[in-house]
Amino acid sequence: MKNKFFILLLLLSFSACDIDYGVTIGCDPQTKEMGLAGGSFTVNFKSYVKWSATTKANWLTIDPEAGMSDTIVTVIVDSTSVSRKGTITFDNGYATTTLTINQIYQEPEDSLQLE
């Protein structure tokens, strides 16, 4: 009888820990436009488990590149003379989400002409 009770208790403990990891990942913003001068911005990243961030764009720096649970991530964008697009993929082993960075020419605000 003890063995049956122990097995039942063990099975219940595993089912009580069932977390839907597919919905426990996200970043805000999911897209960011930056000027050619580059700069940095922060991303509010959400994950209930260990995660990592990667990019193939050598002009993007991610800090930190990995962590555990919710984190504020800083993205540094190098300056450039041409428009370009890069992505950062966040992965927690159960799901992924992507941040897209568009680095484009932006007209300076003080260049508005009055007629």
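Me: Two strands pair if DSSP finds at least two bridges between them. Helices (H or I, at least four residues) and strands (E, at least two) are DSSP runs, numbered from the N terminus. Which residue in E7 is the bridge partner of aspartate 63?

Reply: This is a predicted model: local features need pLDDT of at least 70, side-chain atom pairs count only at pLDDT 80 or more, and totals for chains, interfaces and linings use all residues. Residues are numbered from 1 along each chain as its sequence is written, and side-chain values use heavy atoms, leaving out hydrogens and water. Strands E5 and E7 (residues 71–77) run antiparallel and are joined by 4 bridges. In E7, aspartate 63 is bridged to threonine 74.

Me: How many helices and strands does the chain have?

Reply: Read along the sequence, the pattern is α-β-β-β-β-β-β-β-β-β. Counting the elements gives 1 helix and 9 strands.

Me: Which strands stand at the edges of the sheet of 4 strands?

Reply: This open sheet has antiparallel pairing and the order E1-E3-E7-E5. An edge strand has a single partner strand, so one side of it is left without a neighbour in the sheet. The two edge strands are E1 (25–28) and E5 (60–63).

Me: What is the average twist from one strand to the next in that sheet, E1-E3-E7-E5?

Reply: Axes are lines fitted to C-alpha atoms, for helices over the stretch in contact, and angles run from 0 to 180 degrees between N-to-C directions. From one strand to the next, the twist averages 25°.

Me: What is the bridge partner of threonine 89 in E9?

Reply: Strands E8 (residues 84–91) and E9 (residues 96–103) run antiparallel. They are joined by 8 bridges. Threonine 89 has its bridge partner in E9, threonine 98.

Me: Threonine 100 has its place in strand E9. Is threonine 100 buried or exposed?

Reply: Buried means under 20% relative accessible area, exposed over 50%, partly exposed in between (1.4 Å probe, protein chains only). Contact means heavy atoms within 4.5 Å. Leaving out residues up to four places away in sequence, threonine 100 touches Gln30, Thr31, Lys32, Lys85, Gly86 and Thr87. Its relative accessible area is 16%, so threonine 100 is buried.

Me: How far apart in space are glycine 35 and asparagine 102, C-alpha to C-alpha?

Reply: Glycine 35 is in the loop between E2 and strand E3 (39–47), and counts as buried because its relative accessibility is 16%. Outside four places in sequence, glycine 35 touches Gln103, Ile104 and Gln106. Glycine 35 and asparagine 102 are 67 residues apart in sequence, but their distance in space is 8.5 Å.

Me: Which residues touch the most other members of the largest nonpolar core?

Reply: A nonpolar core is a set of buried Ala, Val, Leu, Ile, Met, Phe, Trp, Tyr and Cys residues joined through side-chain atoms within 4.5 Å. The largest has 20 residues. E1, E3, strand E4 (50–54), E5, E7, E8 and E9 each give two or more residues to this core. The members that touch the most others are Ile88, Phe90, Leu99 and Ile101.

Me: Which rings are linked into a cluster by ring pairs?

Reply: Rings of Phe, Tyr and Trp (its six-membered ring) pair if their centres lie within 6.5 Å; planes under 30 degrees apart count as stacked, over 60 as edge-to-face and the rest as tilted. Of the 3 aromatic pairs in the whole structure, phenylalanine 45 and tryptophan 51 form a tilted one, at 4.7 Å and 55°. Phenylalanine 45 and phenylalanine 90 form a stacked one, at 4.5 Å and 25°. The cluster is made of Phe45, Trp51 and Phe90.

Me: How many residues apart in sequence are the parts tied together by phenylalanine 45 and phenylalanine 90?

Reply: Phenylalanine 45 is buried, at 2% relative accessible area. Phenylalanine 90 is buried as well, at 0%. The former lies in strand E3 and the latter in strand E8, so the pair ties together parts whose separation in residues is 45.

Me: What share of the 115 residues is buried?

Reply: Among contacts with a separation of 6 or more, 57% join residues 24 or more positions apart. The buried share of the chain is 30%.
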